[in-house]
Each structure stands twice: as structure tokens, then as C-alpha cells.
Amino acid sequence: MNETDKQNINKKNIDFFSKNLNYQNNINQIDTYKILYNEITEIIKGSDLLLDVGHGGSFDYDTTKVNKIVGLDLDEMIEKNSIPKNVKLEIGSALKIPEKLNNFDTILFVMLIHHLVGKNVNENIDNLNRCIRQSKKALSKNGRLIIVESCVPKWFYNIEKVVFKPTSYLINKFMKHPPAFQFTKEIISDCLIRNGFKNINVKKVKQGKFILQYGIKFPTILTPVETIIFSANI
Ligand SMILES: C[S@@+](CC[C@H](N)C(=O)[O-])C[C@H]1O[C@@H](n2cnc3c(N)ncnc32)[C@H](O)[C@@H]1O
């Protein structure tokens, strides 16, 4: 993907998610994200220094259970005066985590990976690899990467691969929401293994009656997506 296309994708993400109170309210109110709030809090509680990549201003967990949080996103995404005291915001990309951000005992990617799209499926896979490699650089010795991601079954992935190019073109042109690409849980697990992560744990989270798809509240029963939490150590 050339620089202009990358900037367009980043701009679409910023335009949709930055200070998007509707999105943030949906995260606070929809049952699936309330379940996730408790699940994520349970996993990250007791962390000393946590990097939340692609926080989107929504921090879907109890921020008081962590000593210090750095939120990294393509823009600040939320008014600085409305963030908890232990959160500091940084601007940058999951695909090139700034060098100064290192020594984190926990790194969190919540609903980030499906947004790291390129021009085609190979570039999407490259971006998946890249963000996982980048997280390794920013983790402390024995640090943990936690990925909370919307995954799809293999049959759906095979369809998604075929339709990605035309649908992402149309979404870019006609929708406010940025294009997305969802992986199977096996692809994400394999990527963690290939990048040398250990103790990989994959947990399917119970979903509520509703879920967001392209930013729209949708009955969960009508979508093939599964919400998965991966945790892995370096
Ligand atoms: C679906 S939102 C998730 C927000 C939040 N983590 C949550 O679960 O509610 C995706 C977020 O990823 C961010 N994002 C997209 N591409 C990114 C990139 N290359 N680097 C960092 N953040 C990115 C978007 O700006 C957006 O805030």
C-alpha cells in the first residue's frame, strides 16, 4: 500500500472513531461489550504498566485496576480532560509503535486487528504479523500480549478473502466506517506461535444479544463472528 492509501485508511479511522460519543456509548451499553469489560478487567488487573493500542477513547475495562496506562492510537480520540488520571495518551500506529514506548508488562489490542487493512488480503496478513512483531518490541521480559478480537469461522473467511477488494473499495467510497477484515482464531494463534510467543491461551467469550458490526448495533445471532481473547507471553 502506498503512503497516500495508508494515510487515507488512517484518516477514515480517525474520522470515524475520534471523539465518537455514539461509539463510546454503544461500548458502554451493549451487552456483549459489558461482558467484555468484566473479562478484560479480570485479565489485566494487577498490571503495572499497560499499553492499550487502538484504545479509541473507550477503554473497555476498569482502568483503576492497573497502575499506569498508555493509550496509543492514530489520534488522541478522546478529550484529554475526560480520561482517568492514570492514563496518558500517545499518537502513533500499531504498525510502527514509537521506540520510546517500551517495557510494558501488558499490551492490549481490543478490536484493533480487523482495522489494520491493506490493499489486499496479503497486505492484511502482513499487517497482522507486523503489529504482533511490534508488540514484542514494546513488551518487557516475560510481558504479556492480550488480543481481544472479533474472529470469523473458516467458511466465512474464505468468502471474505474473495470479496475483500471490491467491498473495501465500496466501503471506502460510501461508508463513514473504515473497511475491516476479520481473521479466523487459528490464523491469529499461528501468527503468535510463528513470532515466538509462548503460553498461548485462546478463550471464546460469551456474546450478548447485540454486537457492533461496522459500527452498527446488530443482533449477534445474525452474524458468524466469535469474540475471542488471546493471551500470550514473550
Ligand atoms: C473498533 S475501535 C476499538 C476501540 C477500543 N479498543 C474498543 O474496543 O472499544 C478500533 C480502533 O483502532 C484504531 N486503529 C486503527 N488503525 C490503527 C493503527 N494502525 N494504529 C493504532 N490504532 C489504530 C482506530 O483508530 C480505533 O480507535
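**Labels and their grounds**

Reader: Why is Asp126 called partly exposed?
Author: Asp126 has 15 C-beta neighbours inside 10 Å. A residue is buried if 20 or more other C-beta atoms lie within 10 Å of its own, exposed if 12 or fewer, and partly exposed in between, with C-beta atoms placed from the backbone. The value of 15 falls in between, so Asp126 is partly exposed.

Reader: What should I know about the model and its numbering?
Author: This is a predicted model: local features need pLDDT of at least 70 and side-chain atom pairs count only at pLDDT 80 or more, while totals for chains, interfaces and linings use all residues. Residues are numbered from 1 along each chain as its sequence is written.

Reader: Where does Asp126 lie, and how far is Asn201 from it?
Author: Asp126 sits in helix H4. Helices (H or I, at least four residues) and strands (E, at least two) are DSSP runs, numbered from the N terminus. Asp126 and Asn201 are 75 residues apart in sequence. Their C-alpha atoms are 22 Å apart in space.

Reader: Which residues does Asp60 contact beyond its sequence neighbours?
Author: Leaving aside neighbours within four places in sequence, Asp60 is in contact with Ile27, Tyr33, Leu36, Tyr37, Ile40 and Val110. Contact means that the two C-beta atoms, placed from the backbone, lie within 7 Å. Gln24 is 36 residues from Asp60 along the chain, with 9.1 Å between their C-alpha atoms.

Reader: Are Phe59 and Met77 buried or exposed?
Author: Phe59 has 21 other C-beta atoms within 10 Å, so it counts as buried. Met77 has 23 such neighbours inside 10 Å, so it too is buried.

Reader: How do you know that the buried residues of H6 line one face?
Author: In H6 (residues 185-194), Ile188, Ser189, Cys191 and Leu192 are buried. Seen down the axis of H6, they fall within an arc of 160 degrees, so they line one face of the helix. The arc is that of the directions from the helix axis to the C-beta atoms. An α-helix has 3.6 residues a turn, so residues three or four places apart point the same way.

Reader: What covers that buried side, and what is on the face turned away?
Author: The cover includes helix H4 (121-138), strand S5 (139-151), strand S6 (198-205) and strand S9 (226-233). The face turned away carries the exposed residues Ile193 and Arg194. Just after H6, Gly196 takes a positive phi of about 85 degrees.

Reader: What makes S3 and S6 edge strands?
Author: The open sheet has seven strands in the order S3-S2-S1-S4-S5-S9-S6, with mixed pairing. Strand S3 (87-91) and S6 each pair on one side only, and these are the edge strands. Two strands pair if DSSP finds at least two bridges between them.

Reader: How do you know that S1 and S2 pair?
Author: S1 (residues 49-53) and S2 (residues 68-73) share five bridges, in the parallel sense. Val53 has Leu72 as its bridge partner in S2.

Reader: What about S4 and S5?
Author: They run parallel and are joined by six bridges. Val110 is bridged to Val148 in S5.

Reader: Why is S5 called largely enclosed?
Author: Ten of its 13 residues are buried, so the rest of the structure largely encloses S5.

Reader: How are S7 and S8 arranged?
Author: S7 (residues 210-213) and S8 (residues 216-219) pair in the antiparallel sense over four bridges. They form a hairpin with two residues between them. Gln213 has Ile216 as its bridge partner in S8. In the turn, Tyr214 has a positive phi of about 50 degrees.
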